Amino acid sequence: MTGYPPSDPTEPDYGRLWAGGVATAVVAALVAVVGLLIARGLFGVAVLAPKGNGIWGNANTVTYALCAAAAALLATGLMHVLSLGTSAPAQFFGWIMVLLTAIAIVLPLTLAVQVDAKIATALINLAIGAVIALLVSTVAGTARRRRRERDAPTATLKWDQGPHYYS
């Protein structure tokens, strides 16, 4: 210990981080639903459901939205772990999220389905990944609280010092 105050007077507030992570999960799920609605309703692309199932598709829509929400919660957990053990958690989180989003974009392009379904799924995955990465990193940057001053001098006197105004 050098005796100097820490350079960063704040510390992570993990309660606010996880509250933001839950909100991000809701947004990610809604982005998945909106992406599927746009692909199926506006462009007539059968993403995750045969064309006969209509604009809402089948149970895969709910599963896709729940997977997007789970991905947001996993990203929040990743940020939590990185902020506990690394010196630059935002840097590592950004790189990890870019690479995971790239995997989520490339993976549907390798499937044996129609090209328009491949592209639509890749674009929806891009939107979900971008939303999760941006929101979790923003929440982590703002979920901070002032560090408690553990070694700060107190205003109270010790029992043997007596009041200062008698001397």
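Asp13 is buried, with a relative accessible area of 16%. Hello everyone, and thanks for coming. Before we go on, please keep in mind that what you see above is a predicted model.

Let's see who Asp13 pairs with. The side chain of Asp13 meets that of Arg145 in a salt bridge, at 3.5 Å from N to O. Arg145 lies in strand E2, while Asp13 is in the loop between E1 and helix H1 (14-42), so this pair ties together parts that are 132 residues apart in sequence.

Glu11 lies in strand E1 (residues 10-12) and Arg145 in strand E2 (residues 144-146), so here the parts tied together are 134 residues apart in sequence.

And how many salt bridges does the count come to? Two. Glu11, Asp13 and Arg145 are linked in a network of these bridges.

Next, is Glu11 buried or exposed? Glu11 is buried, because its relative accessible area is 14% and the cut-off for buried is under 20%. Arg145, on the other hand, is partly exposed, with a relative accessible area of 37%.

How values were computed:
Residues are numbered from 1 along each chain as its sequence is written. This is a predicted model: local features need pLDDT of at least 70, side-chain atom pairs count only at pLDDT 80 or more; totals for chains, interfaces and linings use all residues. Side-chain values use heavy atoms; hydrogens and water are left out. A salt bridge is a side-chain nitrogen of Lys or Arg within 4 Å of a carboxyl oxygen of Asp or Glu. Helices (H or I, at least four residues) and strands (E, at least two) are DSSP runs, numbered from the N terminus. Buried means under 20% relative accessible area, exposed over 50%, partly exposed in between (1.4 Å probe, protein chains only).
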